[in-house]
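My entries follow the order in which I checked things.

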Amino acid sequence: MENNYDIVVIGSGPGGYVAAVRAAQLGYKTAIVEKYTVLGGTCTNVGCIPSKALLDSTEHYHTAHTKFESHGINIENLKINFEQLMKRKAGVVNQNISGLNYLMKKNKIDIIEGKASFVNNSEISVAKNDGEKLSVNSKYFIIATGSKPSTIKGIAIDKERIITSTEALKLTEIPNTMAIIGGGVIGVEMASIYARIGVKVTILEYADSLIPSMDKELGKELKKILSKDGVEILLKHKVQSAKNDGSSVTINYIDDKDNNIDLNVDYCLVAVGRKPYTDGLGLENINVRLDDKGRIETDSNLKTNENNIYAIGDVIAGPMLAHKAEEEGVFVAEVINGQKPHIDYKLIPSVVYTWPEVASVGFSEEQLKKENRTYRVGKFPFAASGRARAAMESDGFVKVLSDPHYGELLGVHVIGPRAADLIAQAVIGMHYETTDEDMIRISYAHPTYSEALKEAYLIASGQGAINL
Ligand code: FAD
Ligand code: NAD
């Protein structure tokens, strides 16, 4: 194998592999180094893809269980085959890994298996799994080493009973009970997966709402919906400790009334955020700095303190999202190529794949208030949508925030069916700095969920809804 490259990417998650493909498209001799035996990083192996596979399977079961009878479909003996559910998920992951191998081959990108460590700013040493060490030189390096789950004081993750999302995605039995520490994105997605198949799930969240980083009304609505599905949601609760008792876990917490309480569950899933991963990368041998949160510091071109070393994705500042990492992968390859790419970080959408889904772009109402900005609100419930009624999907709403003077869209927040896909039109609208009025002058197919967006734009613009 060659050991002299134009660009070497370290890490094969959505940041790394996309950077490698774009670099190769631009004509650079490129290699990607990955310490695992398969490509894809967190997203493909233990994140986005397996979680969505399980969310889809369990949602089918839940729909069959709760709605089929009303649709006039009777199924006898409906039951979960947990082994098959996990097997299908593994198959989906493998299909994606095969797709990545194909992409590397198609773009003539060398895959180097092993853990990379900087020797100096133009050389890395790769510790291969068979013990061999390989020296690789490159003009440029792109660090895309991602993140790992973090925990809180008093809780040691043992991966047996006190687990992270990685273990929760490959349990071999359906537990009776599960506590989830953290009601953020991972917390509510995992709660959905397990509550739908009959697990008694308790979410213990420190903040006063679920998904607290998004517009507060979304968290409130999601709490109502998940509670209907049997998830117990305890807000303003402070977890102190968790102890593996062998076949269960005892969690100690202070509740919202200052009571000290013990909770015994089969599994305790810790979902309190993730931390950047730079262990063993040999950063001490180069001039790359970390910030106070352990993230690699970069400038506006995503360049580190070393002129030929860039960093992208979860290992740097910004939202820990696969599509943010992908954008940055393309961005750095184009920067190295002398182009002037641009990423509008304010317009990176956030999506939560519960059902109904939650999706947001732009400012939340809380952020606008904090900035003392005036705004108008257009809110339309899915309960008033003909399409939603036909599908028995009437939970949730669309909320549009726009500028009171010119109507420019400031934020769009959706909790409802297919919100993850619906948000794309709001992102396009905001990218082109359209107004709420612009958005009502285009045709929306009837009956569709997208009409709920039109109605919310109508209300925000002051014209008023047609169907409310
Ligand atoms: P990663 O995907 O973490 O990849 C980093 C890679 O670098 C890893 O393969 C690692 O082995 C490798 N590596 C590290 N150090 C070295 C080294 N020294 N040498 C060689 N290789 C190394 N985001 C979304 O946008 N949508 C979702 O639906 C979504 N769902 C998620 C669900 C879960 C359960 C989790 C945990 C995360 C989810 N995310 C989701 C977040 C998403 O997975 C991350 O934002 C994304 O994977 C970050 O990509 P990355 O390329 O920066 O790093
Ligand atoms: P998160 O930041 O979304 O949520 C962590 C939650 O834990 C917060 O609500 C926080 O208030 C709570 N928390 C913190 N300390 C606590 C304590 N001591 N007790 C109780 N609650 C506490 O992080 P996450 O859910 O772990 O997800 C990690 C990352 O993965 C996120 O940045 C997210 O972007 C990404 N991810 C994205 C998706 C998606 O895009 N659909 C899905 C899963 C994960």
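Which residue has a side-chain N or O atom 2.6 Å from an oxygen atom of ligand 1? I found E34 there. I keep in mind throughout that this is a predicted model.

**Entry 1: ligand 1**

I went on to the other polar contacts. K52 places a polar side-chain atom 2.7 Å from an oxygen atom of ligand 1. A116 uses its backbone instead: an N or O atom there lies 2.9 Å from a nitrogen atom of ligand 1. I then looked up the cover. On its own, ligand 1 has 1,000 Å² of accessible area, and the protein covers 95% of that.

Next I listed the neighbours. There are 39 residues around ligand 1. E34, T42, K52, D314 and A322 come nearest. I sorted the shell by class and got 17 nonpolar, 16 polar and 6 charged residues.

Which element gives the largest share of this shell? It is α2, with 4 residues. I noted several elements that supply at least two residues each, among them α1 (14–25), β2 (30–34), α3 (48–66) and α9 (322–336). Strand β4 (115–120) is also on that list.

**Entry 2: ligand 2**

I moved to the second ligand. I counted 21 residues around ligand 2, and I186, E189, E205, G273 and V351 come nearest. E189 also makes a polar contact: a polar atom of its side chain lies 2.9 Å from a nitrogen atom of ligand 2. Y206 brings a backbone N or O atom to 3.2 Å from a nitrogen atom of the ligand. At M320, a polar backbone atom is 3.1 Å from an oxygen atom of ligand 2. The protein covers 77% of the 840 Å² of accessible area that ligand 2 has on its own.

The shell of ligand 2 splits into 13 nonpolar, 4 polar and 4 charged residues. Helix α7 (residues 185–196) gives the most to it, with 3 residues.

Most residues other than glycine have a negative phi, and most peptide bonds are trans. I wrote down the exceptions I came across.

N77 is not a glycine, yet its phi is positive, about 55°. I placed N77 in the loop between α4 (68–71) and α5 (82–106). Its relative accessibility is 71%; exposed means over 50%, so N77 counts as exposed.

E433 also has a positive phi, about 55°, without being a glycine. It lies in the loop between α12 (419–431) and α13. E433 is exposed, at 58% relative accessible area.

I also found cis peptide bonds. One joins W355 and P356, with omega about -5°. P356 is in the loop between β18 (350–352) and β19 (357–362). Another joins H446 and P447, with omega about -5°. P447 is in the loop between α13 (436–440) and α14 (450–461).

**Entry 3: A383**

Last, I checked A383. I located A383 in the loop between β20 (376–381) and α11 (386–390). Leaving out residues up to four places away in sequence, A383 touches R389 and S394. I also looked up F397, 14 residues from A383 along the chain; their C-alpha atoms are 8.0 Å apart.

Note on methods
Residues numbered from 1 in each chain as written. Chains lettered and ligands numbered in written order. Predicted model: local features only at pLDDT ≥ 70, side-chain atom pairs only at ≥ 80, totals over all residues. Heavy atoms only, no water. Near = heavy atom within 4 Å. Polar contact = N/O pair within 3.5 Å; in protein donor to acceptor, adjacent residues only side chain to side chain. Areas by Shrake-Rupley, 256 points an atom, 1.4 Å probe, with all protein chains shown as cover. Nonpolar A, V, L, I, M, F, W, Y, C, P; charged D, E, K, R; others polar. Contact = heavy atoms within 4.5 Å. Buried < 20%, exposed > 50% of the residue type's maximum accessible area, 1.4 Å probe, protein only.
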